[in-house]
Amino acid sequence: MSVRRALRRRALRPISVAAATWASAGLATGLPDARVLALVLAAGAGLAALAFVGRRQAVVAVATIAVACAAASVSSVAHVDPVREQIDALQVEGGRQLVLELTVTGRIDGAPDGGAWFDAVATEVRAGSVQLSGDIPARIGVDAEGRRALAEAAMGSEVEVVGRALPAEPGERAVLVVRAEEVARAAPPGGVWGWLEGLRSRLVASTDGLPQPGAGLVPGLAVGDTSSLDAATETAMTVSSLSHLTAVSGANCVIVVGAAFALLALCRAPRGARIVGALLVLAGFVALVTPEPSVVRAAAMASVALLALALGRPAVGIAVLSLATTALLIVDPWLSRSVGFALSAAATAALLVLARPLAAGLERWMPRALALVIAVPASAQLVCGPLIVLIDPHVPLLGIVANLLADPAAAPATIAGALAAIAPFRWLQDGLTALAWIPASWIAAVAHTTAGISAQNIPWPDGLLGAGLLGLVGAAVFVAVVRPRRLPRTAALAAVASAVSLGLMLGQSAVRTVAGPLTVPAAWQVVMCDVGQGDATLWRSGAAIALVDTGPDPAALTGCLEKFGVERLDLVVLTHFDLDHVGGAAAVLGRTDLVLHGPTDGGADQRLLERFAATGASLTQATAGMTGTLGATRWQALHPPPGADPGNDASVALDVAGPGFPRTEMLGDLGEDAQESLLRRADVTPVQVVKVAHHGSADQDADLYRRLHAAIGLIGVGADNRYGHPTASLLSILESTGTTVGRTDRDGALAVWIDGQGRLSLWRENGPAVDNVPSPTSSVPR
């Protein structure tokens, strides 16, 4: 036993090396200049090496290697710093027009809005008479016209674009982020890249005529090409924890490698030949699906899993995983900030360390084979869950079930699809594609069914707090299932904690999905959600629902949508891009058809819109005079005028009216000057409901509120906010117009509707019975 422990201890030493490299890379990629840190770490590595020569101790050797690897990773970052300085010297972020000669290094997948983003290396950058040459990492965005110009381009293509730079996010790999205004030249890839692109295109073409959504899923499962996958299915795959099957993750790589390994085993090849052959197949698969960073990362993790499982040495597998992680971070330090990289490493580690103990614990209640089948996705879910919460603050209760149902179909779909991609004859390719469509359709059905069960996606605290809490729950579940003999009391406490956590989750789910909607008025037409210091307003006409702003927090917005039984939105309006109005956008990504928005200000605003577009929403910028319908209601944009500068005073202001609907004016965050401008330009008449501007700040125009003469004023405001909202001056204005005030800081969520007798009703979540408010206006649209 002591020998085994010693071997395990030695195998785990590389973890400290990987951790040091990861931390140093994460720090360096966030620094404006990493060269000083690189020199410090290099000097530290030298001193540690001298110390090891004097005192040959294992701990000194490990420290020396760790500091040396950290220095190597930081040096990779520092190597790019001179290029960043040269780019900064061009003053590209001042709106200067650039001409770039590029080599495409990633997939060009079109977004639903018709545009696309892709990674590239800029070999030449021209800004007027100034020219810069080299290998400059870049990320390029194009609009719909640019995407059409790139129709024949792919990885390896030589492209020339004209555009303007956007500010790069801190820690971003790309030195230059450019929004292209024109694609001047786009050549199809040549050589081996052109041949591989032809294989991928033939596979996508082979799915034409097959029923959706299975047809669009086949290329995603086989080669990671989601260009023909509809947005609803892509969203369902994400919600049901199955997105790893379409993003060319380690799961896809393991399937391909496992199939090759099994085939070589059937041919009675020796273990070494099996491993080498499987790795060669993996290399070919990586080339087929394009060796962009995420694919190489997944392949590296799959290789580690293959070697560890083939050798039957989980402890050795952890050591190999650590070494692979270290190598990847030295080559590409920006992976240290990638949640996808962390998920890949965590899932591989879970497979190596947790799967067997979990399976042994589950064997108490089920057959061994079934226990192992459950243990694999369960171990990955326990470890990856806290990381996923950092991206999406929800816990998918049915994620493990969805994986259990879908994973058996993933292997035949992936293998048949990959074989179809390389099939030499069209009739053979079409036959293999049809075979792949059968399990792919099953996976799509599982994804849609699971995503359609609202009770399975539980809101969870976001940020590090939420990740830590979920990590503790996962640890308790693991200990409760494994039940280590040496820690009986700890196992008992873990079992109690797991039971309590599960009970709370199920109880919360029941309250949200069953009891919650029963506590709110079923006839609501306008709702102001209680999302703290921010705005989120719903309006409903028949089965059609719109949301105006998302508040600051996805969890708070999700709770409101579930409370009022809202699953999908026909329209989302982003009045402007302050965090208290768009911070909760993650809660509605993939759940809306149209996004109406105000003027954008910089790359962050544009990227948010592109996230909506990537999940299936159409985008439209609002300007005064624009109109549209939602159910039986008609909306009209009263603000902003064309060419307005971004900000509060460019908020989208809407008038909503319709038969039997309380006429409503929503004023965004307009200040007094903008309200005066609106009053001069628009035909403002009395309404029944006004969404008060800017959370009830003092920056208001009393004449506008007197002209609106609203029966009800809704104020979205956080309790004990530091701004003093709503202000006494605003409340005085509303009092002078006889407006009944509802405010979320005291009243919670608010709902307004016209009842069967034509009375205007106001419901307060924290208030007394429903108020019937005298209505001085009619609801006929203007």
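User: What makes Trp-524 count as buried?

Analyst: Trp-524 has a relative accessible area of 2%. Buried means under 20% relative accessible area, exposed over 50% and partly exposed in between, with a 1.4 Å probe and protein chains only; Trp-524 is therefore buried. This is a predicted model, in which local features need pLDDT of at least 70 and side-chain atom pairs count only at pLDDT 80 or more, whereas totals for chains, interfaces and linings use all residues. Residues are numbered from 1 along each chain as its sequence is written, and side-chain values use heavy atoms, with hydrogens and water left out.

User: How many aromatic pairs does the structure hold, and why is the pair of Trp-524 and Phe-564 called edge-to-face?

Analyst: The structure holds three aromatic pairs. Rings of Phe, Tyr and Trp (its six-membered ring) pair if their centres lie within 6.5 Å; planes under 30 degrees apart count as stacked, over 60 as edge-to-face and the rest as tilted. Trp-524 and Phe-564 stand 5.8 Å apart, centre to centre, with 80° between the planes, and form an edge-to-face pair.

User: Which parts does this pair tie together?

Analyst: Trp-524 lies in the loop between helix H20 (488–518) and strand E9 (526–528), and Phe-564 in the loop between helix H21 (554–563) and strand E12 (571–574), so the pair ties together parts that are 40 residues apart in sequence. Helices (H or I, at least four residues) and strands (E, at least two) are DSSP runs, numbered from the N terminus.

User: What is the relative accessible area of Phe-564, and with which Trp does Phe-564 form an aromatic pair at 6.2 Å?

Analyst: Phe-564 has a value of 5% and is therefore buried. Its partner at 6.2 Å centre to centre is Trp-763, with 80° between the planes, and this pair is edge-to-face. Trp-763 lies in strand E23 (residues 760–764), so this pair ties together parts that are 199 residues apart in sequence. Trp-763 is buried too. Ring pairs link Trp-524, Phe-564 and Trp-763 into a cluster.

User: How do you know that Arg-540 lies over the face of Trp-524?

Analyst: A charge sits over a ring if NZ of Lys or CZ of Arg is within 6 Å of the ring centre and within 35 degrees of the ring normal. Arg-540 is at 4.1 Å from the ring centre of Trp-524 and lies over its face.

User: What makes E19 and E20 paired strands?

Analyst: Two strands pair if DSSP finds at least two bridges between them. Strand E19 (residues 689–691) and E20 pair in the parallel sense over three bridges, and Val-689 stands opposite Ile-712 in E20.
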